[in-house]
Amino acid sequence: SSEGIGSYDIYDLADDLKQNRGASIVIHLKDDDIQYSDEKTIEKVLKKYSNFVNFPIYLNGNRLNTIKAVWAEEPSTVSDETYTDFYKFIANAYDDPLDKIHYRADAPLEIKALFFIPSFHSEKYGMGRMEPGVSLFSRKVLIEAKSADILPEWLRFVKGVVDSEDLPLAISREKPQDTALIKKLRKALTRKIINHLTKMASKDTEKYKDEFYKEYAFFLKEGVCQDYEFQDQLSKLLYFESSKTMNGEISSLDEYVSRCTPEQKEVYYLCAPSRELALQSPYLEAFEKSGREVIFVYTAIDDFVMANLQKYQDRAIVNVEKGDIDLGDSSSEDDKKEDSKSAGLNDKDATDFCAWYQMTLNDKISSCKTTNRLSSSPAVVTNNESGAMRRMMRMVDNQDSGAIESMPLPKQQVEINAKHPIITGLNTIRKKEPTLAKVCAEQIFDNCLVAAGLLDDGRSMLGRLNDLLLCVVKGADQSNDDLSKEEKGSDPVIEEKESGS
């Protein structure tokens with residue numbers, strides 16, 4: 001007998017309680033624990049914690065533990081059908097797994113693990129953040145269901161089982177030695193899963209890109225931003241579209257680097273809502289002219305990933321919206337001759353224009369200078385905050401404040417194309433028509449914000465656009481009147497009548 005305080009006595013039971021084989025234990029329950037006398041409750045507890053032990057467990061003559069511990073078997077002896085059935089059992093799933101990892105190791109810990117990657121995840125359907133999907137066992141006895149400690153949070157989509165005989169059954173987070181064991185286990189398992197995904201990306205690229213990456217790219221990107229220990233390995237698993245890939249075609253950062261010219265020491269990227277808008281971006285003009293490839297990223301998480309990586313294979317990762325990007329002089333002789341012939345502001349006029357532009361929009365811009373990076377666009381803003389990140393932060397902020405004004409846009413740095421007709425024309429009218437010139441200057445600036453994804457509300461431009469349209473319409477009407485007068489003045493019939501009279 002025992003009261004559960006560390007000691008016990010053994011004695012013979014009454015004949016009506018004895019079993020013919022083994023030991024018989026009679027448990028007397030307190031009133032607070034009377035639920036454990038219910039058969040369904042006992043069955044639930046036994047199936048949860050002892051479903052995979054080697055010896056049979058019977059409850060009122062019925063065996064409860066009928067599921068085999070598949071992770072403890074040799075991988076070569078397990079059929080695909082058995083793997084699929086076991087996955088559906090432990091993940092409570094109805095789909096077939098996309099892939100599996102049956103893993104055994106003796107160092108740094110004795111590990112038997114079986115992981116499954118489902119064919120889809122539930123977070124994309126708005127069902128909330130998934131719980132961890134891997135349970136921790138020791139000698140086939142459950143220690144912790146859906147443990148949050150044995151895999152990093154970004155791997156929460158993985159389902160499966162981990163069993164280690166090196167872990168004590170009474171493992172505790174309060175014991176430093178147990179915490180150290182869990183950290184070793186977590187590191188070994190994370191490295192194994194990353195290595196498996198790397199192998200899939202290399203050996204079965206189509207499956208990786210079309211099935212795994214399409215479904216789970218977000219989790220890898222989350223890992224890059226959170227798991228700095230494995231950031232380098234995870235960055236090799238990322239794929240993006242670029243200015244040199246076809247629509248919908250993605251390539252890895254390694255493939256991007258392999259296409260770089262020897263003199264290129266940076267990895268360039270551009271954040272835009274879509275490929276179409278990326279290709280139309282004024283920031284892309286100089287890179288297309290120089291033949292430099294630019295990675296396209298379309299979401300705030302992608303932009304955040306690039307900002308967190310900072311470098312890839314010792315190459316700085318650079319946002320093309322950054323100012324003072326030196327792409328070298330890649331222009332052909334014909335281009336140089338054409339540029340020399342094109343009309344534009346000379347150095348003095350350009351300096352004067354920049355000073356006027358900055359003074360005119362003093363409350364919106366901090367500096368204005370000329371640039372050679374533009375060809376078909378009149379101006380851009382540089383060194384600005386990410387438009388995608390700003391939209392994400394504003395969305396979060398507005399949930400509390402409900403006002404765009406809670407995140408005012410800081411003053412911007414503007415770079416102008418001194419050869420663009422809009423700039424040269426604006427320089428011509430800025431003294432003759434100062435009011436119109438100011439309206440045009442404001443519109444050019446807002447166009448820059450639109451290109452950078454920084455304009456909070458496009459409706460703010462409507463009044464100004466209507467004024468500009470009115471000027472265009474009035475100007476066109478006046479031109480028609482002048483043309484009609486000129487045509488009448490040159491009519492030979494009218495001239496004869498006038499001379500005859």
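**Cysteines and salt bridges in the predicted model**

The sulfur of cysteine 471 lies 7.5 Å from the closest cysteine sulfur, which belongs to cysteine 440, and this is too far for a bond. A disulfide is taken here as a pair of cysteine sulfur atoms within 2.5 Å. Cysteine 471 is partly exposed, at 40% relative accessibility; the classes of exposure are buried for under 20% relative accessible area, exposed for over 50%, and partly exposed in between, computed with a 1.4 Å probe on protein chains only. The structure is a predicted model, in which local features need pLDDT of at least 70 and side-chain atom pairs count only at pLDDT 80 or more, while totals for chains, interfaces and linings use all residues. Residues are numbered from 1 along each chain as its sequence is written, and side-chain values use heavy atoms, with hydrogens and water left out.

Under the disulfide criterion, the count is zero. Cysteine 354 is likewise in no disulfide, and the nearest cysteine sulfur, that of cysteine 368, is 3.7 Å away. Cysteine 354 is buried, with a relative accessible area of 7%.

Side chains of opposite charge can pair when their charged atoms come close. With a salt bridge defined as a side-chain nitrogen of Lys or Arg within 4 Å of a carboxyl oxygen of Asp or Glu, the count comes to 22. One of these joins glutamate 73 to lysine 68, with 3.6 Å between the closest N and O atoms. Glutamate 73 is partly exposed at 23% relative accessibility, whereas lysine 68 is exposed, with a relative accessible area of 51%.

Arginine 129 and glutamate 153 form another salt bridge, their closest N and O atoms being 2.8 Å apart. This pair links distant parts of the chain, 24 residues apart: arginine 129 is in the loop between strand E4 (111–117) and strand E5 (133–138), and glutamate 153 in the loop between strand E6 (141–144) and strand E7 (159–163). Helices (H or I, at least four residues) and strands (E, at least two) are DSSP runs numbered from the N terminus. Arginine 129 is partly exposed, at 47% relative accessible area, and glutamate 153 is partly exposed, at 44%. Both residues belong to a network of salt bridges that links Glu123, Arg129, Glu153, Arg156 and Glu222.

A salt bridge also connects glutamate 229 with lysine 187, the closest N and O atoms being 3.2 Å apart. Here too the pair links distant parts of the chain, with glutamate 229 in the loop between helix H4 (205–226) and helix H5 (231–235) and lysine 187 in helix H3 (residues 176–203), 42 residues apart. Glutamate 229 is partly exposed at 48% relative accessibility, and lysine 187 is partly exposed with a relative accessible area of 37%.
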